[in-house]
Amino acid sequence: MSTETVEKAIEKKPAEALLSKRRKRLISDPLVDDNPITIQVLGICSALAVTTQMKPTLVMAISVIFVMVMSNLVISLMRNTIPSRVRIIVQLAVVASLVTLVNEVLKAFAFDMYKELSVFVGLIITNCIVMGRLEAFALGNKPYDSVLDGFGSALGYSWIILTVAFFRELWGSGSVFGVPVFDYVSSIFGPDFKLATNGLMVSPVGAFVILGLIIWVQRTKTGYVEH
Amino acid sequence: MQQSNAYIITFSVILTVVLGLLLSGTSQVLGPLQKEAEALDKKKQILGAVISAEEIGSMKAEEINAFYNSHIATVVVDIEGNEVTEQGGTPVTAESVDIGKNYKKPVEERLFPVFIFHEEGNAEAVQSYIFPVYGAGLWDAIWGFVALDTDMNTIGGVTFAHAGETPGLGARITESGVQQRFVGKEIFNEQGELVAVSMQKGEGKDYTGEPHKVDGMSGATITANGVNDMLSNYLGHYKAFIDSKKSSTTLAVVN
């Protein structure tokens, strides 16, 4: 008996490295080549709405990262038990619960942020990036890979909205993270010199302009063409 | 097997229960903290009508509570301006009055809290009276606090907040730039009638010489109308109290 099992034992493949090449690609692909915002053009709504200033944008980015990583993990763990006929509503329930958690935590510990962001945090539920990754990846892959995939996509989303917010706050309000950069710069050149801010940047239109420019620069560099 | 209706229903029930427990658990644990944060936020809004946003922003939570306690006295009045200290056997405090809930009652039954801003520790030396206001914006409720100087006519400052106005348009009522436009405006006309102040349509005009007009918000006329209605309604509700203070400005103070 025992000899038989030894003979039949399948040679176990060495465990894949914690950050193998394939897994690194899960994180790095959505950053540029397959960016959810600039390539897939998902999640535009919140990218326009929250990006007038860096601080709320950062909170939003962290919230999205949390929700995406956790929902990918949970859905991936449950992937073999979820009945396929109700899978969308199951995903929604999980995402909505996580988003509500984030909202409750913000309300308790960062009330000012909660007031400013609660509408948009709620909208993470319908953020196409979250549902898209659950449907396309987490339902068919193992938990760890799914976590990496969610983290990558959320990072891809985060760096874009943070970049947009950086330029919008700088040009629209003359500050970065609330630090009045324009005032400092102006004071160097003497009392008569004043850098003007652009009101367009504060309105959602400004986000479209910045986002368009980012996509332009990115596609020029990567040579990406829409099919 | 996995596709059977029984399986799907069982799965859904378990999922619902688990998620429900998780959420209600969090809400239970975080509830007290959230209440505290809300109370602090209300104090910030009240103080926002009389001191600048930067000043409030630089204060820590304990400092705001201390400042509030040493500078704010309160009184609750009814529509006729009479002080109300208890209702149905329970004592009434200004902080405990929920303006939003009162808004749904008929005017005669509502309670109207007044927050009296005075010099530190000295409730006799009143600097301004702060009145809560409440109304409807475009999408949802809007509310705020209006501070009147002791002449009971000049607006010393306002704060506004909203539940769901459009960001960048109606939501701009929370910006200090917009709120500054109300400072120095007057609510009574020369004949002594209460006319309140109203935001005009369009934006960018200069209303310096006109004590009852305020520059509007472009693209947010309905929210601005909501603000106008809210101000004229609530200043009207407080008129009895305002009149009583006006006639006795030298006597001052209700504790």
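Where pLDDT is low, the predicted coordinates should not be read in detail. The structure described here is a predicted model, and its scores are ipTM 0.72 and pTM 0.74. For chain B, the mean pLDDT is 85, with 96% of residues reaching 70 or more.

We may begin with the overall build of chain B. Seven helices and nine strands make up its secondary structure. Taken along the principal axes, the box filled by the C-alpha atoms of chain B comes to roughly 80 × 45 × 40 Å. Of the 255 residues in chain B, 28% are buried. Among contacts in chain B with a separation of 6 or more, 53% join residues 24 or more positions apart.

The largest nonpolar core has 47 residues, and those touching the most other members are Val114(B), Ile130(B), Phe131(B), Val146(B), Ala147(B) and Leu231(B). Two or more residues of this core come from each of α1 (5–48), β1 (72–77), β4 (112–119), β5 (122–136), β6, β7, α6 and α7 (239–247) of chain B.

Turning to the annotated part of chain B, an unreviewed UniProt entry lists residues 137–238 under "domain: FMN-binding". This span is 22% helix and 21% strand, and its end C-alpha atoms lie 21 Å apart. For "modified residue: FMN phosphoryl threonine", the unreviewed UniProt entry lists Thr221(B). In the model, Thr221(B) belongs to helix α6 (residues 221–237) of chain B. Thr221(B) counts as partly exposed because 18 other C-beta atoms lie within 10 Å. Once neighbours within four places in sequence are set aside, the contacts of Thr221(B) are Lys201(B) and Gly216(B).

Two loop residues of chain B deserve a look for their backbone angles. Met152(B) is not a glycine, yet has a positive phi of about 60 degrees. Met152(B) sits in the loop between β6 (141–149) and β7 (155–162) of chain B, and is buried, since 20 other C-beta atoms lie within 10 Å. Ala196(B), also not a glycine, has a positive phi of about 55 degrees. The loop that holds Ala196(B) runs between α5 (176–180) and β8 (198–199) of chain B. With 21 other C-beta atoms within 10 Å, Ala196(B) is buried.

In chain A, helix α7 (residues 128–136) has Ile129(A), Val130(A), Arg133(A) and Leu134(A) as its buried residues. These residues lie on the same side of α7(A) because they cover an arc of only 130 degrees around the axis. An α-helix has 3.6 residues a turn, so residues three or four places apart point the same way. The partners against which the buried residues of α7(A) pack are α4 (54–78), α5 and α8 (143–173) of chain A.

A loop of chain A, between α2 (21–28) and α3 (44–49), contains Ile37(A). Ile37(A) is buried, as 23 other C-beta atoms lie within 10 Å. Although 120 residues separate Ile37(A) from Tyr157(A) in sequence, their C-alpha atoms are 6.2 Å apart in space. Leaving aside neighbours within four places in sequence, Ile37(A) is in contact with Leu42(A), Gly43(A), Ile44(A), Ala47(A), Tyr157(A) and Ile160(A).

Finally, the two chains meet through 18 residues of chain A and 20 residues of chain B. On the side of chain A that touches chain B, α5 (87–109) and α6 (111–123) of chain A each supply at least two residues. The largest share of that side, nine residues, comes from α5(A). Sorted by class, the side of chain A that touches chain B has 11 nonpolar, four polar and three charged residues.

Methods:
Residues numbered from 1 in each chain as written. Chains lettered and ligands numbered in written order. Predicted model: local features only at pLDDT ≥ 70, side-chain atom pairs only at ≥ 80, totals over all residues. UniProt positions renumbered as here; feature names shortened; annotations may be inferred. Helix = DSSP H or I, 4+ residues; strand = E, 2+ residues; numbered from the N terminus. Buried ≥ 20, exposed ≤ 12 C-beta atoms within 10 Å, placed from the backbone. Contact = placed C-beta atoms within 7 Å. Nonpolar A, V, L, I, M, F, W, Y, C, P; charged D, E, K, R; others polar. pLDDT = per-residue confidence, 0-100. Arc of directions from axis to C-beta. Core = buried A, V, L, I, M, F, W, Y, C linked by C-beta atoms within 7 Å.
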